[in-house]
2 protein chains.
Amino acid sequence: MSLSTTPYKGARDFYPEDMQTQNYIFSLWREVAKSFGYVEYNAPIIEPIELYLSKTSEEIINEQTYAFEDRGGRKVTLRPEMTPTVSRMIAGKRQELAYPVRWFSIPNLWRYERPQKGRLREHWQLNMDLFGVKGVEADHELIYIADSIMQRFGAQRDMYTICINSRKLINYILQGILKLDKEQCQKTIRLIDKMHKMETDNFTALLKNVCGDKTEELICILSCQTLQALPDDVKLNDSYKEIHNLEMMLARNGVTNADFDITLMRGFDYYTDIVFEVFDANPENNRSIFGGGRYDGLIGQFDVEPVPTVGFGMGDVTFHEFLNSHKLLPDIKYDVDINVILIGDVYQPAQVVVKQLREGGLSVAIDSTKRKMDKQIQSAVKAGYPFVLFIGEQELEAGQFNLKELATGQEQKLTIEQIIDTIKS
Amino acid sequence: MSLSTTPYKGARDFYPEDMQTQNYIFSLWREVAKSFGYVEYNAPIIEPIELYLSKTSEEIINEQTYAFEDRGGRKVTLRPEMTPTVSRMIAGKRQELAYPVRWFSIPNLWRYERPQKGRLREHWQLNMDLFGVKGVEADHELIYIADSIMQRFGAQRDMYTICINSRKLINYILQGILKLDKEQCQKTIRLIDKMHKMETDNFTALLKNVCGDKTEELICILSCQTLQALPDDVKLNDSYKEIHNLEMMLARNGVTNADFDITLMRGFDYYTDIVFEVFDANPENNRSIFGGGRYDGLIGQFDVEPVPTVGFGMGDVTFHEFLNSHKLLPDIKYDVDINVILIGDVYQPAQVVVKQLREGGLSVAIDSTKRKMDKQIQSAVKAGYPFVLFIGEQELEAGQFNLKELATGQEQKLTIEQIIDTIKS
């Protein structure tokens, strides 16, 4: 039986063309992250399963982890998300670090899901986290960065919406105003998290089972489209002032497409305050692109003093789809400048020329197959090289070489310096 | 019980400082790879276990793979090496690709080994492969690249040795000259592969068990230190001419530290011809740094026409140790340029200034903790920021800001443009 050439189900091979696109996305991610003063970290893709037991959603742990036992009997898993890992690392140097700490990473994550549009089993995710800032400035910074990334890729304001909400505000509404108990609150939050995937009647009926005679008042509050529309007693709470402040800060920085959305919950249990999520504004493809929020409690789980934290995770699969559907991906040229074709047996003497071209900053491949010249040119065209350079004995003697641009067929006789100048310009 | 903050055994957390070093190594790897016309690819870290069954060494498969069953009952493993994966990918597009194909990747690989100096369970490895060139020019190119990488990191010729050998030559000696049968050959090759880890007497005894009365002649051949010293009948074989030619080509390109080593076998069973390995020349730490060779048979296993291939894999752990022990790692500065300290409640108006600095290409963090100023300066020093910039109402009005260099304590009052110029120069 011959071996299969397809990659593992739900994961991608990155052939050079795909890799160039991924590298383009990662390079702009890195550029924006660095401009905001974030530094890169990384960690092993294997973590002990305990790391996720307390805080990652139960669905992920029980049904979606790539969990296994290693040869030493340790129960481990490929990481399904990065937040527990980065919390572990911060906790590990809790005392040594100088706050605020700004970190980013672009790890690959694994979840055993049914592969579908926008969801694969392996994806790469930009994780950005700010540790050590209690105030809403931290939430502002992360949302502002998220927006700056969208802008850096050329997205217009009408292409995406940033929804923001406050878990603290929701808790105040449910506990402080509606006087629901803890269990009711938790169930209500889970229901609201799924309300947009349900029929309205169904949602109302399920909500009634949990909230009883408070249902009507809650539905009334949930129907508020803006912060201003909220009932006056809600506005008395500090969490209202914070999210209101956040909304103003974003608007003043030009982020005019950030909207309050009281129904935004975000799946993970570890969020404690402001949460946000960026959606594609195209009505035909109104998908979530990515999101994040504040999780002040996670680091304290490692038996160190808690650290206030805000972060987000931006997956490459959904982001790539967003860029694609809005035609924001540029044409990416082939990564190599020149393919050298040798005339006669000059592999050895040609090395001197090629070395100079490389030292001049060019990327140069040599066709060393000794095939007929037309075959070599055909291959160069098929591969997508922009230029072919011919090197033979005469050329080496004269110090001048024919450079052919494959797209136009144009050919020029040039010195090494001229070749470098021509291609760099 | 609180959670542990240590990473999985035998794998590394990359805190920002470590990550900067790794990024430095990877960036030079990429620079050299690109200058030789190689383009980057990647693939999922999970592969079906069958991919390794035929060619990767038995020790790795039976004792060292991170193998497990996924939730769908598939037998998979984290990749222990990249060569089977890249062969799979080339085979998958055997017809569509334009040859020669030059690919590189920097994947992470997993092996369940006892962690020790220079060996971890997770390491990252530069993989470079040239597909579609039958001649020794391909072997020359890969060894020349390996050498160029060493040189790019500042290694001197006396710091490392490149050992080269030919599996074809060895096969000719064992089969053609000594007339050993296939099984004897295989056993002999495995013995030679381990001879430097054995006492001479022990090696001779074991060899005698396999080779009988041919032992003396073989030991005589194995004692040859140069190609020239080999017996005349060996020199008649084509494989001798090839490796001789290779040695000359390398010397002409300035690679004066490439030495023939008839005892060099390389572990993997898939090598078919020239093999090479780079060793630290320090007599106190005479370790293998990395190696590679020709494996013409691997792609044919996927039921497509075979493709001649030469490649190498360069691991980050051993390479890092080499750089360290020869003091070739530069001091790497903190990745962020400026830490902004706010005087008073100016977080919002300061954004305009910070935005301009970022647009000017600087990496700028803001201390938004609202702590006392001396606390903020202490944190900036502890974090390692090179500059602190003070922004208050007066400064915003005047358009001039105090920039303090933390290493010298020097302070200057500058406009935004001047700040950008000062830090960039």
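Colleague: Where does Leu362(A) lie?

Modeller: Leu362(A) has 22 C-beta neighbours inside 10 Å and therefore counts as buried (20 or more other C-beta atoms within 10 Å; exposed means 12 or fewer, partly exposed in between, with C-beta atoms placed from the backbone). It touches Asp337(A), Ile338(A), Leu357(A), Ile420(A) and Ile423(A), leaving out residues up to four places away in sequence; contact means C-beta atoms, placed from the backbone, within 7 Å. Helices (DSSP H or I, at least four residues) and strands (E, at least two) are numbered from the N terminus. On that numbering, Leu362(A) lies in the loop between α13 (347-359) and β14 (364-367) of chain A.

Colleague: Which pLDDT do local features need?

Modeller: Residues are numbered from 1 along each chain as its sequence is written, while chains are lettered from A and ligands numbered from 1 in the order in which they are written. This is a predicted model, in which totals for chains, interfaces and linings use all residues, side-chain atom pairs count only at pLDDT 80 or more, and local features need pLDDT of at least 70.

Colleague: How far apart are the C-alpha centres of the two domains of chain A?

Modeller: An automatic or database domain assignment supplies the bounds. Chain A is divided into domain 1 (16-325) and domain 2 (338-424). Their C-alpha centres are separated by 51 Å.

Colleague: Which residues of the largest nonpolar core touch the most other members?

Modeller: A nonpolar core is a set of buried Ala, Val, Leu, Ile, Met, Phe, Trp, Tyr and Cys residues joined through C-beta atoms within 7 Å. Among the contacts of Val340(A), leaving aside neighbours within four places in sequence, are Ala350(A), Val354(A), Leu389(A) and Ile391(A). In the largest core, of 227 residues, the members touching the most others are Ile164(A), Val340(A), Ile164(B) and Val340(B).

Colleague: How are α7(B) and α8(B) oriented to each other?

Modeller: The axes of α7 (residues 182-194) and α8 (residues 200-211) of chain B come within 9 Å and cross at roughly 170 degrees; axes are lines fitted to C-alpha atoms, for helices over the stretch in contact, and angles run from 0 to 180 degrees between N-to-C directions. The contact is made by Gln184(B), Lys187(B), Thr188(B) and Leu191(B) of α7(B) with Phe203(B), Leu206(B), Leu207(B), Val210(B) and Cys211(B) of α8(B). Angles under 35 degrees count as roughly parallel, 65 to 115 as roughly perpendicular, over 145 as roughly antiparallel and the rest as oblique. The orientation of α7(B) and α8(B) is therefore roughly antiparallel.

Colleague: How many residues of helix α4 of chain B are buried?

Modeller: Elements covering the buried residues of α4(B) include β2 (46-48), α2 (50-53), β5 (101-105), β7 (122-131) and β12 (309-315) of chain B. Those buried residues include Thr83(B), Arg88(B) and Ala91(B). Of the 10 residues of α4 (residues 83-92), the number buried is nine.

Colleague: What is omega of the cis peptide bond in chain A that joins Tyr99(A) and Pro100(A)?

Modeller: Most peptide bonds are trans. Pro100(A) lies in the loop between α4 (83-92) and β5 (101-105) of chain A. In chain B, the bond from Tyr99(B) to Pro100(B) is cis, with omega near 0 degrees. For the cis bond between Tyr99(A) and Pro100(A), omega is about -5 degrees.

Colleague: Is Lys327(B) buried or exposed?

Modeller: Lys327(B) is found in the loop between α12 (316-325) and β13 (338-343) of chain B. Its phi is near 55 degrees, a positive value in a residue other than glycine. Because Lys327(B) has 8 other C-beta atoms within 10 Å, it is exposed.

Methods:
Contact = placed C-beta atoms within 7 Å.
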